[in-house]
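Reader: Please take a close look at one part of this structure and describe how the surrounding pieces relate to it. State the cut-offs as you go.

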Amino acid sequence: MAENNKKPRAMINGRFPKPPFWLTSVILIGLCLSLLVFMSILRSRGAFSHLPRVHLIQDMDNQVKVKTQHASEVFADGLSIRPKIPGTVAWGQLKTDDHLYRGYSSTWNNSENKFQVRFLNGIPVEITPNLLARGQTKFNTYCMPCHGYDGLGNGPVSVRATQLQQNGVAGMSWVAPSNLTDATIMARPDGHIYNTIVNGIRNMPGYGTQVTDVNDRWAIVAYVRALQLSHTGSKPKAEKTVLATE
Ligand code: HEC
């Protein structure tokens, strides 16, 4: 007789009858609990933890390898970094052109037991409007803060440092950047200015690590020459080659 009672539920006024209370509660509690998963994911994305993050798809992110400056048991000297093999040069790094890469040539002087350095004159890349524009961009980025847009030595860093020095900030000592249109600097060979950019000079730090491209460095040299020309109205006169004094 029990089978006879299991009729499909009839609709009352066009609606199904209310589901039983226990069913509603189970569904509601289940919904709330399922939100906890998302909340805990959200929380762990923003929370601080000393543990490495969960990394489900590894790809090749973690692998056995030697890291720089780490010890290694593979090699007899215990170092993971391999020393350069003397007398070898990496591909594309044979920088034989002294003028282009260094701006000076050096020969060993046996009697004085040191290198005799000669700064070379001339800009060994083609000077085009593009190169000058590139030089201007680089100059305004790396040199302007001290030497100023016009190269006269009144860049914002120098102005501020001079103010601080005048106000007597303890330990503050500032050497003013050179005026790039000075006769001495106009007379410097191009290679000397190139070397100043790369390695710095006296109190000025080198910018070789920031301006890594040789063309960019020569572009700055060309732009410095253009600044000198525009300021003084005369072409910078440099001797063919000048013996190093610094
Ligand atoms: C942090 C400030 C600063 C920046 C940036 C700077 N210079 Fe200098 N520069 C100096 C100072 C200071 C001197 C003078 C150093 C001295 O006399 O001890 C100087 C000197 C020079 C000289 C004269 C060197 C000589 O032959 O006597 C040249 C040329 C020069 N800078 C070019 C540049 C160029 C090009 C750049 C951009 C790549 C540059 N400087 C960026 C501070 C700076």
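Author: Two strands pair if DSSP finds at least two bridges between them. Helices (H or I, at least four residues) and strands (E, at least two) are DSSP runs, numbered from the N terminus. The model is predicted, so local features need pLDDT of at least 70 and side-chain atom pairs count only at pLDDT 80 or more, while totals for chains, interfaces and linings use all residues. Numbering starts from 1 along each chain as its sequence is written.

β1 (residues 104-109) and β2 (residues 114-120) pair in the antiparallel sense, over 6 bridges. Together β1 and β2 make a hairpin with 4 residues between them, and Asn 113 in the turn has a positive phi of about 60°. Trp 108 has Phe 115 of β2 as its bridge partner, and Thr 107 stands opposite Gln 116 in β2. In a regular strand, side chains alternate between the two faces of the sheet.

The part to look at closely is the ligand site. The ligand is surrounded by 22 residues, of which the closest are Cys 143, Cys 146, Arg 202, Asn 203 and Met 204. α4 provides the largest share of the shell, 5 residues. By class, the shell has 16 nonpolar, 4 polar and 2 charged residues. In this scheme Ala, Val, Leu, Ile, Met, Phe, Trp, Tyr, Cys and Pro are nonpolar, Asp, Glu, Lys and Arg are charged, and the others, Gly among them, are polar.

Two of the contributing helices also pack on each other. Two packed helices are described by the angle between their axes and the distance between the axes. The axes of α4 and α8 are 7 Å apart, at an angle of about 90°. Axes are lines fitted to C-alpha atoms, for helices over the stretch in contact, and the angles run from 0 to 180 degrees between N-to-C directions. α4 and α8 are therefore roughly perpendicular to each other. On the α4 side the contact involves Leu 131, Leu 132, Arg 134, Gly 135, Gln 136, Lys 138, Phe 139 and Cys 143, and on the α8 side Asp 216, Ala 219, Ile 220, Ala 222, Tyr 223, Val 224 and Ala 226. Its residues divide into 10 nonpolar, 2 polar and 3 charged. For the angle, under 35 degrees counts as roughly parallel, over 145 as roughly antiparallel, 65 to 115 as roughly perpendicular and the rest as oblique. Contact requires C-beta atoms, placed from the backbone, to lie within 7 Å. Cys 143 of α4 belongs both to this helix contact and to the residues closest to the ligand.

Apart from neighbours within four places in sequence, Gly 135 is in contact with Ala 219, Ile 220, Ala 222 and Tyr 223. Gly 135 and Tyr 223 are 88 residues apart along the chain, yet their C-alpha atoms are separated by 5.3 Å. Gly 135 counts as buried because it has 25 C-beta neighbours inside 10 Å. The scale is this: 20 or more other C-beta atoms within 10 Å of a residue's own make it buried, 12 or fewer make it exposed, and counts in between make it partly exposed, with C-beta atoms placed from the backbone.

Val 214 lies in helix α8. With 18 C-beta neighbours inside 10 Å, Val 214 is partly exposed. Val 214 touches Leu 100 and Tyr 101, not counting residues up to four places away in sequence.

The remaining helix of the three is α7, which is largely enclosed by the rest of the structure, because 8 of its 10 residues are buried. The buried residues are Asp 190, Gly 191, His 192, Ile 193, Tyr 194, Asn 195, Thr 196 and Ile 197. After α7 comes Gly 200, with a positive phi near 80°.

Arg 202, among the residues closest to the ligand, sits in the loop between α7 and α8. Arg 202 is not a glycine, but its phi is positive, near 40°. Arg 202 is exposed, with 8 other C-beta atoms within 10 Å.

Terms used
A residue is near a molecule or strand if its C-beta atom, placed from the backbone, lies within 6 Å of it. Two residues are in contact if their C-beta atoms, placed from the backbone, lie within 7 Å.
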